[in-house]
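Me: I would like to go through this structure by question and answer, one region at a time.

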Amino acid sequence: AKNLARAFTRPVTRTLAPATLQQRVGMALASGRMLGWAATMRFAAFVLLAAQSCDAMKTAGSVAVGGNGTIFLAKFCYTFEPEGLHNAGKLELRLRLPGGAAAAAAGRQSRHGYAMLFDDEENSYPGPSSDWRAMSCRALKDRSRQWKTVDWTEVAAAEGQQIWFTIRQKLRPRWWYMALVDCSETIGENESYELRYEVHSTNANYGWAKEFSMDTRFTPLVFATLLVAYGFLFAAQLHGNRRAAEQREQEDSASGKAAHPFAQLLTMGVALALIESACSALHLALFAKDGFGMPWLQVLAQFMSVAANFVLASLLLLVSQGKCISYIMVASDAWSMLRLLGPFLVSCFALEMWGEHSVSRNYTTNYVYTTPVGWCLILVDVLLLCMYASGLRRTYSVERGCEHAVFYRTWGILYGAWFMVLPVTALLAQIVLAPYVWLIVSLGSKKGVTALLYLALVVGVWPGNTRTYFKLEGEVVESRQRLPGLLGSFLRRAPEVHHSASRKKVGLPLPGAAR
């Protein structure tokens with residue numbers, strides 16, 4: 001707890017430099033004291049409070065520029081304009097000294113600093129490499145598309161030095177990188193100085209979406225659509241719970257769907273996804289106005305997203321064990337699954353925050369799922385897929401020859417495809433897709449398939465649905481067979497669920513429905 005406190009109790013400004021956030025998360029992970037749920041919740045709270053930066057189009061922070069060093073401040077993907085003057089957008093840079101005093105600048109007059117703008121062309125900035133680090137100042141100037149000299153007199157003034165760049169391109173969208181370069185040949189690399197900076201980038205032709213980079217332009221539409229979809233799903237699930245409660249009152253039964261742990265877990269997952277969509281939509285709406293939005297709201301949305309995904313993973317893993325289809329499910333099953341996946345949830349949230357705010361994102365075209373940290377997140381999905389496939393195979397081997405076997409070899413396989421959406425889109429991003437569409441393709445694919453799967457589960461447990469394999473009510477008889485478990489600790493005696501013959505299967509099958 002002391003190590004966590006030391007990592008996160010430093011003063012937090014309105015915009016936190018990405019490197020600072022990464023160091024704080026690293027200190028927390030290195031502490032090695034995050035054992036148990038109490039420490040886990042403290043860690044999540046600390047990250048939520050400390051993560052005040054975001055991948056915004058208006059960024060600010062402070063950097064230490066060493067002799068003959070290059071510091072990348074921000075990147076932005078600009079659209080293109082094939083006609084006229086080819087004005088694609090603008091970039092505004094403001095530089096200040098921490099103290100803002102002219103005396104502080106006197107000792108830096110011998111330093112030769114430049115603000116340089118590069119694009120992603122091979123002859124400008126193709127990416128980080130050893131050759132790039134060895135380039136001379138003249139070579140960097142030749143590669144830059146535009147550059148301006150750092151005026152120490154203006155930098156020392158209260159308002160700082162303000163530099164404007166106009167972006168012109170006519171063929172395709174490109175990534176542009178803003179960098180500070182020190183060309184003081186007589187100054188050692190260890191003799192650094194601190195500068196405060198503000199970068200504001202805009203796509204001039206995007207209208208209300210001018211604050212968005214090319215790769216994030218359509219994210220407001222995605223989350224607005226998800227907000228409406230999850231709003232309907234949440235309302236439908238609540239209505240289904242009320243109908244189940246009414247049926248329970250009429251039948252004077254304690255096995256109604258409203259009280260069933262599977263239905264409760266499903267309601268919680270849809271609610272988390274709804275909160276995530278609402279937070280993201282609000283943040284992006286504010287972002288469209290000022291280029292900054294509410295970063296803490298974005299962090300909250302990311303946590304809700306991870307939580308909603310792991311609730312869905314818990315539901316699918318329970319289905320792979322045959323719960324609510326071949327075997328009865330009790331509340332302890334849900335809590336055991338959540339306890340099992342809880343560490344995965346917190347670890348994935350920490351890794352996602354680390355990847356989102358990594359300094360490397362300022363000088364590469366990577367997004368979070370194409371970085372080494374992102375591949376760790378993808379590995380978690382692959383691991384969950386293996387757990388799901390193992391449970392599904394064992395359950396199918398037990399139920400082979402029964403009517404439920406059809407579900408496990410059809411809908412069971414389709415449900416399992418959800419775990420492969422992120423790995424497949426990340427692989428396509430590396431092989432086929434252009435860098436400026438990586439984010440929107442992976443976001444749309446993962447969020448869209450998640451919403452469809454939640455829809456299938458809501459329909460599957462709907463009260464009165466006689467064409468579904470899901471059985472949340474009925475007579476319970478002790479089974480002589482052992483329930484296939486996720487891990488060895490989950491193997492235990494489980495009761496089977498038998499339904500009356502009056503439940504007829506008619507019409508076309510619904511998601512998760514019997515044929």
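**A loop residue, a sheet and the cores**

Reply: Asparagine 123 lies in the loop that runs between E4 and helix H5 (130–133). The model is a predicted one.

Me: Is asparagine 123 buried, partly exposed or exposed?

Reply: Buried residues have under 20% relative accessible area, and exposed ones over 50%. Because its relative accessibility is 48%, asparagine 123 counts as partly exposed.

Me: Leaving aside neighbours within four places in sequence, which residues is asparagine 123 in contact with?

Reply: Serine 144 is 21 residues away from asparagine 123 in sequence, and their C-alpha atoms are 9.0 Å apart. With neighbours within four places in sequence left aside, the contacts of asparagine 123 are Arg143 and Arg145.

Me: What is the order of the strands in the open sheet of four?

Reply: E7 (residues 174–182) pairs with E2 (residues 70–78) in the antiparallel sense, over eight bridges. E7 is also joined to E4 (residues 113–119), again antiparallel, by seven bridges. Four bridges then join E4 to E5, and these two run antiparallel as well. The order is therefore E2-E7-E4-E5.

Me: Which are the edge strands, and what is the average twist from one strand to the next?

Reply: In the open sheet with the order E2-E7-E4-E5, E2 and E5 (146–149) each pair on one side only, and they are the edge strands. From one strand to the next, the twist averages 15°.

Me: How many residues of strand E7 are buried?

Reply: On one side of E7, Arg174, Trp176, Met178, Leu180 and Asp182 are buried. The number of buried residues in E7 is nine of nine.

Me: Which element gives the largest share of the largest nonpolar core?

Reply: This core has 65 residues, and those with the most contacts inside it are Tyr230, Phe262, Leu384, Tyr415, Tyr454 and Phe470. Elements that give two or more residues to the core include helix H8 (219–251), helix H9 (261–290), helix H10 (295–320) and helix H12 (372–399). The largest share, 13 residues, comes from H10.

Me: How many residues does the second core have?

Reply: The second core is separate, and Val63, Leu95, Leu117 and Phe165 are among its residues. Its size is 27 residues.

Me: Are helices H15 and H16 roughly parallel or roughly antiparallel?

Reply: The axes of H15 (residues 421–431) and H16 come within 10 Å and cross at roughly 165°. Angles over 145 degrees count as roughly antiparallel. The crossing angle therefore makes H15, relative to H16, roughly antiparallel.

Me: Is the crossing of H15 and H16 left-handed or right-handed, and which residues of H16 meet H15?

Reply: The crossing is right-handed. From H15, the residues involved are Val421, Leu422, Thr425 and Ala429. In H16 they meet Trp438, Ser442, Ser445, Lys446 and Val449.

Me: What covers the buried residues of H15?

Reply: The buried residues of H15 are Val421, Leu422, Pro423, Thr425, Ala426 and Ala429. What covers them includes H12 and H16.

Definitions and conventions
Residues numbered from 1 in each chain as written. Predicted model: local features only at pLDDT ≥ 70, side-chain atom pairs only at ≥ 80, totals over all residues. Heavy atoms only, no water. Buried < 20%, exposed > 50% of the residue type's maximum accessible area, 1.4 Å probe, protein only. Axes fitted to C-alpha atoms, helices over the stretch in contact; angles between N-to-C directions. Core = buried A, V, L, I, M, F, W, Y, C linked by side-chain atoms within 4.5 Å. Parallel < 35°, antiparallel > 145°, perpendicular 65-115°, else oblique. Left-handed = near helix turned anticlockwise from the far one by under 90°. Contact = heavy atoms within 4.5 Å.
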